[in-house]
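Have the picture open as you read.

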Amino acid sequence: MTVGIVLVSHSAKLAEGLAELAAQMAPEVRIAAAGGLSGDGGLGTDYDEVVAATQRADSGDGVVLLYDLGSAQMTAELAVESLADPSAAVVVDAPLVEGAVAAAVAAQSGADRKAVGEAAASAGLAPDLAAVDAPAEEGVEEKELTLNNDVGLHARPAAVLVRSLASFEAEVSVRLGEQEADGHSVLALMSLGARQGDRIVVRARGAQAAAAIAKITELVNTNFGE
Amino acid sequence: MGCSAEGFAAALRSAAEVIAEHRAELVDLDRAIGDADHGENLNRGFAAIVAALDAGVPQTPAAVAKLAATTLISKVGGAAGPLYGTAFLRASAKLGDAAEVDAGQLVEALRAALEGVQARGKAVGGDATMVDALIPALSAAEGAAGGSVAEVLTAAAGGADRGAESTVDLVPRKGRASYLGERAVGHLDPGARSTALLLRAFAEAAR
């Protein structure tokens with residue numbers, strides 16, 4: 001079971017499109033769209049829809065709700081308050097698109113409701129990219145890999161990479177040229193802008209550093225399953 | 001004399017008529033600084049309340065308020081739905097199971113409604129929202145708490161009118177209008193206006 005996600009938007013198309021996008025990176029996560037008004041399909045937020053979506057998204061591990069503008073937040077909060085167990089769901093202040101992607105990947109990785117909410121909320125911050133200057137440290141595994149898949153480290157491959165790292169005890173970073181991204185953050189990886197043909201350097205530290213590197217090598221060599 | 005469930009239902013019917021009459025005005029106010037749907041949304045919500053009351057008036061004033069709350073939350077698409085819904089919901093919680101509401105209870109319900117709206121919308125006085133109508137409405141109502149239900153509501157409506165007028169000079173800090181910043185100065189906030197209209201309708205009905 002994973003934490004469920006509800007996308008509350010004034011627009012049905014926006015909520016559905018975003019649910020589709022996020023689901024591509026998190027196939028096992030229940031992502032429910034609650035957009036627009038149910039009656040005439042117009043713009044607005046529909047309390048009953050949000051309540052129903054929250055119930056659909058909940059597989060027992062709780063739900064994180066994201067929203068687009070003003071009244072969507074209020075509707076989402078009202079819906080959570082009305083649940084039989086309001087502690088099962090939380091409304092998170094996050095940028096809708098980036099937050100939904102980050103939350104979906106975190107949920108897919110098995111994160112709990114608090115961690116999924118934090119992943120969404122921190123998606124609004126500047127990407128975790130650092131300029132590389134430190135020399136290689138002791139106990140750190142490093143490997144250079146060439147991306148051969150069509151889209152490079154775009155959304156889905158980045159999500160696959162982050163998910164696959166969840167099971168390893170290792171801190172992983174990915175470097176492209178001068179920039180280094182946290183290997184556990186989809187948005188940071190995407191921000192590298194690594195494309196087909198680019199050479200990335202994967203660096204891992206921790207008890208399973210070597211295994212993590214081996215896993216990433218396998219993913220890169222199999223083109224992330226594309 | 002207090003206000004019964006039937007009396008409260010009648011007041012809501014009057015409010016629905018007033019909102020219908022002022023639908024275009026609220027749309028125009030909202031068009032200037034928002035998305036021009038406030039009048040439509042509120043009219044849809046209150047029409048649904050009337051339909052629900054036609055199907056049967058609940059037993060107590062609190063139950064009538066709760067019916068209004070759930071209807072507005074479900075039927076109004078914009079921010080007004082959760083805000084007015086919360087206001088009626090909190091008021092309902094204050095009224096308990098009394099068959100008749102007296103002036104003192106009404107003031108308490110109004111205070112709970114204001115607190116609910118502020119908690120839901122995170123707005124304070126001076127943000128150019130319905131809160132700017134509700135704050136002076138509550139203080140005027142408190143001043144009239146020794147009188148009748150009609151006197152409390154009349155005082156509240158007067159306070160709301162003055163409060164709504166004050167939003168003309170304010171820079172909005174909440175909702176769609178906040179994106180306009182200084183450009184929204186000179187415009188009456190549609191939410192504050194609708195709050196004043198509703199309290200005036202309640203006051204007229206209570207006479």
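This is a predicted model: local features need pLDDT of at least 70, side-chain atom pairs count only at pLDDT 80 or more; totals for chains, interfaces and linings use all residues.

## Where the chains meet

The contact draws on 16 residues from chain B and 16 residues from chain A.

What about charges? Two salt bridges turn up across the interface of chain B and chain A. In a salt bridge here, Arg120(B) pairs with Glu81(A), at 3.0 Å from N to O. There are also three residue pairs in polar contact between chain B and chain A.

On chain B's side of this contact, helices H4 (61–75), H5 (80–95) and H6 (103–121) each bring at least two residues. H5(B) has the largest share, with four residues. Sort that side by class and you get six nonpolar, five polar and five charged residues.

## Inside chain A

Chain A is itself assigned two stretches: domain 1 (4–122) and domain 2 (129–225). Their centres, taken over C-alpha atoms, sit 29 Å apart. Domain 1 puts ten residues into the contact and domain 2 puts in eight.

About 710 Å² is buried between these two domains of chain A, and carbon and sulfur atoms give 81% of it. In domain 1, Met25(A), Val105(A) and Ser109(A) lose the most area to domain 2, together 53% of what that side buries.

Key: Residues are numbered from 1 along each chain as its sequence is written. Chains are lettered from A and ligands numbered from 1 in the order in which they are written. Side-chain values use heavy atoms; hydrogens and water are left out. Contact means heavy atoms within 4.5 Å. A salt bridge is a side-chain nitrogen of Lys or Arg within 4 Å of a carboxyl oxygen of Asp or Glu. A polar contact is a pair of N or O atoms within 3.5 Å; within protein, one must be able to donate a hydrogen and the other to accept it, and residues adjacent in sequence count only if both atoms are side-chain atoms. Ala, Val, Leu, Ile, Met, Phe, Trp, Tyr, Cys and Pro count as nonpolar, Asp, Glu, Lys and Arg as charged, and the others, Gly among them, as polar. Domain bounds come from an automatic or database domain assignment. Buried area is the accessible area (1.4 Å probe) that two parts lose on being put together, summed over both.
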